[in-house]
Amino acid sequence: MASNKAARDGEKTNIDKVNAELVTLTYGTIVAQLCSDFNNKYSEVNKQLDKMGYNIGMRLIEDFFAKSGLQRCINFRETAETISKIGFKMFLNITPTVTNWSADNKTFSLIFDENPLADFVELPNDGRAQDELWFSNILCGILRGALEMVQMQVEAHYISDVLRGNDTTEMRITLLRYMEDEMPPDDE
């Protein structure tokens, strides 16, 4: 019986690795297609990636709670640690560092030592992509959508990315407000 469980665990690890690689390759194709669709207007590509991520995040939060068994966090600091140590670990098998808290504890940074979405990626060499395209911007949208579903309106944006030649990849997240229980937009 134990060997069957070990075999299943090994299969799960292999499946997770295949799924992660498939996501990486598929994501790169999506970004390339958006660049083509919007004629390399990278500000528009960034908006579309954020919007896609927002929609994913609104649904992903339910999966997060179901898999983790966690309840809502009691404050924004706990939320940041949960995002880093459990959320990113669960879905991308990475653990970004939470750092650079603002004095009012409403803004922090996630420093990514690795980013599986950016594996095997080179930005277009058109003289603009390195300054304008945030390749992994979908992650900002995912955080916005997921946190909105637990009544936290946040802003998330990248301030550096190794794909752009920076030393680190850093995302900045700011709590704008705690929302009352409200109906999502477009719901009646």
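Before the first crossing I need a term: an axis here is a line fitted to C-alpha atoms, for helices over the stretch in contact, and angles run from 0 to 180 degrees between N-to-C directions. I also note that this is a predicted model.

**Entry: H2 and H5**

I looked up helix H2, residues 42-68, against helix H5, residues 138-148. Their axes come within 6 Å and cross at roughly 40°. Angles under 35 degrees count as roughly parallel, and 65 to 115 as roughly perpendicular. H2 and H5 are therefore oblique to each other. I put their crossing down as right-handed.

Next I listed who meets whom. From H2 come Leu49, Asp50, Met52, Gly53, Tyr54, Ile56, Gly57, Met58, Leu60 and Ile61. On the H5 side I wrote down Ile138, Cys140, Gly141, Ile142, Arg144, Gly145, Ala146 and Glu148. Sorted by class, this contact has eleven nonpolar, four polar and three charged residues.

**Entry: H3 and H5**

I then turned to helix H3, residues 76-92, and its crossing with H5. Here the axes come within 13 Å, at roughly 120°. H3 and H5 are therefore oblique to each other. This crossing is right-handed. H3 brings Thr79, Ile83, Phe88 and Leu92 to the contact, while H5 brings Leu139, Leu143 and Leu147. I sorted these residues too: six are nonpolar, one is polar and none is charged.

**Entry: H2 and H3**

How do H2 and H3 cross? I found their axes coming within 11 Å and crossing at roughly 95°. That angle makes H2 roughly perpendicular to H3. On H2 the contact uses Leu60, Asp63, Phe64, Lys67 and Ser68. On H3 it uses Thr82, Ile86, Gly87, Met90 and Phe91. My tally by class reads five nonpolar, three polar and two charged.

**Entry: a pocket**

Last, I looked up the second largest pocket. Its volume is about 180 Å³. Which residues lie nearest its centre? I noted Gly28, Ala32, Val121, Glu122 and Phe135, out of 15 lining residues. The lining divides into eleven nonpolar, two polar and two charged residues.

Terms used: Residues numbered from 1 in each chain as written. Predicted model: local features only at pLDDT ≥ 70, side-chain atom pairs only at ≥ 80, totals over all residues. Heavy atoms only, no water. 1 Å grid on protein atoms, 1.4 Å probe; cavity = no way out; pocket = protein on both sides within 12 Å on 5 of 7 lines; lining within 4 Å. Points joined across faces, edges and corners; volume = space filled by probe spheres on them. Nonpolar A, V, L, I, M, F, W, Y, C, P; charged D, E, K, R; others polar. Helix = DSSP H or I, 4+ residues; strand = E, 2+ residues; numbered from the N terminus. Parallel < 35°, antiparallel > 145°, perpendicular 65-115°, else oblique. Left-handed = near helix turned anticlockwise from the far one by under 90°. Contact = heavy atoms within 4.5 Å.
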